[in-house]
Amino acid sequence: MAAPLRDLFPAANAGDPAAIDALFGVLYRELHLVAERQLHQGSDGLTLGTTTLLHEAYLRLSGSEAQFVDRAHFLGYAARAMRSLVIDYARRRQAKKRGGEFQLMPVADDVHAAAPEQPSLSELGSALDQLAAADSDLAQLVDLHFFCGFSFAEIAELRGLSERTVQRDWRKARLLLHSILQER
């Protein structure tokens, strides 16, 4: 009989590879959805497959010293690992292209009417790393909501907070990320 999910976290934190495998197995469907969202979140043209991303993330998780307090931390860490893998893959792919450092962009007829430039996945990843250094809980919230696709209600339940608190933290995280991206 498999151990309950809550019992797997202390064992995984103690370095038990079987517990990490079991966590991964129990949460496989959720992690697969996270991987799908990662690949569809602003990563046009990537040929990386969902299962490949998921298994690469597993290798990164199993070889890490990370502590998994609960399901939210585990999923947040997995999302961060997947985001990092997608960014690395996109960078390698872009570097291989001839003239990869240049991008052709359509010129707007009216320069003032042009839409604001969206940050690249790499810039967003760096900004999230900077946010994590300042406030790891806010960075995890972004990973869970934006990259994992969890609703505020689901995140509130995962974290044992009210939905209103999660929404307030989301606004704070967005403001901080916007500030970080504007500094660049």
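Is the crossing in which H3 passes H4 right-handed or left-handed? I looked, and H3 passes H4 in a right-handed crossing (right-handed if the near helix is turned clockwise from the far one by less than a right angle, left-handed if anticlockwise).

**Ground rules.** I am working on a predicted model, where local features need pLDDT of at least 70 and side-chain atom pairs count only at pLDDT 80 or more, while totals for chains, interfaces and linings use all residues. Residues are numbered from 1 along each chain as its sequence is written, and side-chain values use heavy atoms, with hydrogens and water left out.

**Overall.** I find nine helices and zero strands in the protein chain (DSSP runs, H or I of at least four residues for helices and E of at least two for strands, numbered from the N terminus). Of its 184 residues, 35% count as buried (under 20% relative accessible area; exposed is over 50%, partly exposed in between, with a 1.4 Å probe and protein chains only).

**H3 and H4.** Back to this pair: helix H3 (residues 28–40) and helix H4 (residues 50–62) pack at about 115°, and their axes are 9 Å apart (axes are lines fitted to C-alpha atoms over the stretch in contact, angles run from 0 to 180 degrees between N-to-C directions). On the H3 side I noted Tyr 28, Leu 31 and Gln 38 among the residues that meet H4, whose own residues there include Thr 50 and Leu 54 (contact means heavy atoms within 4.5 Å).

**Arg 83.** I found Arg 83 in helix H5 (residues 71–96). Arg 83 is buried, at a relative accessible area of 4%. Its side chain makes a polar contact with the side chain of Asp 143 at 3.2 Å (a pair of N or O atoms within 3.5 Å; within protein, one must be able to donate a hydrogen and the other to accept it, and residues adjacent in sequence count only if both atoms are side-chain atoms). Leaving out residues up to four places away in sequence, Arg 83 also touches Gln 38, Gly 125, Leu 128, Asp 129 and Phe 147.

**H1.** In helix H1 (residues 5–13), I see Leu 8, Phe 9 and Ala 12 buried. Down the axis of H1, the buried residues fall within an arc of 105°, so they line one face (the arc is that of the directions from the helix axis to the C-beta atoms). Arg 6 and Pro 10 are exposed on the face turned away from that side. Just after H1, Gly 15 has a positive phi of about 95°.

**Ser 151.** I located Ser 151 in the loop between H7 (136–147) and H8 (152–159). Ser 151 is partly exposed, at 32% relative accessible area.
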